[in-house]
Amino acid sequence: MSAKVQYLTSTSAASSYSSSDSDLSSTSSVRHSMDSTQPIVSVEVLRCLRCARAEEITSTDDPSSSGMVQIGTNIYYCNRCAKMTGYK
């Protein structure tokens, strides 16, 4: 069985495309999804606001797992300074 589809172009000339059913099924099985791309992971350096201690973590890590306490947007204390200032 053959399917025939006509498309109109901007010059109003009709072009035709005919294909068998097997061609249509093979093109419909190709799927592009967002899952096939790898997530982008970056390395970030967290620096204590009070004592300047630095820790490197990836963007997927939790800052508390590296001994840092977030006190604001992109502002951190190390655990020692957080205890001294009352944040922990």
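## A walk through the predicted chain

Residues are numbered from 1 along each chain as its sequence is written, and side-chain values use heavy atoms, with hydrogens and water left out.

Met-68 also belongs to the largest nonpolar core, whose ten residues are Leu-46, Cys-48, Ile-57, Met-68, Val-69, Tyr-76, Tyr-77, Cys-78, Cys-81 and Ala-82. Such a core is a set of buried Ala, Val, Leu, Ile, Met, Phe, Trp, Tyr and Cys residues joined through side-chain atoms within 4.5 Å. Buried here means under 20% relative accessible area, exposed means over 50%, and partly exposed lies in between, with a 1.4 Å probe and protein chains only. Two or more core residues come from each of strand S5 (68–72), strand S6 (75–78) and helix H2 (79–85). S6 gives the largest share, three residues. In soluble globular proteins, nonpolar side chains tend to be buried together.

Now for the overall layout. The protein chain has two helices and six strands, in the order β-β-α-β-β-β-β-α from the N terminus. These elements are DSSP runs numbered from the N terminus: helices are H or I with at least four residues, and strands are E with at least two. Of the chain's 88 residues, 16% count as buried. The chain exposes about 7,100 Å², 51% of it supplied by carbon and sulfur atoms; these areas come from the Shrake-Rupley method with a 1.4 Å probe, and for residues only the protein chains shown count as cover.

Next, look at strand S3 (residues 43–47), which pairs with S4 in the antiparallel sense over five bridges; pairing requires that DSSP finds at least two bridges between the strands. Val-45 has Glu-56 in S4 as its bridge partner. Six residues lie between the strands of this hairpin, where Ala-52 takes a positive phi near 70°.

Thr-58 is in S4, which spans residues 54–58. Not counting residues up to four places away in sequence, Thr-58 touches Val-41, Ser-42 and Val-43. Thr-58 is partly exposed, because its relative accessible area is 25%. The Thr-58 side chain also makes a polar contact with the side chain of Asp-61, at 3.1 Å. A polar contact is a pair of N or O atoms within 3.5 Å; within protein, one must be able to donate a hydrogen and the other to accept it, and residues adjacent in sequence count only if both atoms are side-chain atoms.

In the loop between S4 and S5 you will find Ser-66. With a relative accessible area of 15%, Ser-66 is buried. A polar atom of its side chain lies 2.9 Å from the backbone oxygen of Pro-63. Beyond neighbours within four places in sequence, Ser-66 is in contact with Leu-46, Arg-53, Glu-55 and Ile-57.

Arg-53 and Glu-55 bring us to the last stop. They form a salt bridge, with the closest N and O atoms 2.7 Å apart, and the structure holds one such bridge. The term stands for a side-chain nitrogen of Lys or Arg within 4 Å of a carboxyl oxygen of Asp or Glu. Glu-55 counts as partly exposed because its relative accessibility is 22%, and Arg-53 is partly exposed at 34%.

How values were computed
Predicted model: local features only at pLDDT ≥ 70, side-chain atom pairs only at ≥ 80, totals over all residues. Contact = heavy atoms within 4.5 Å.
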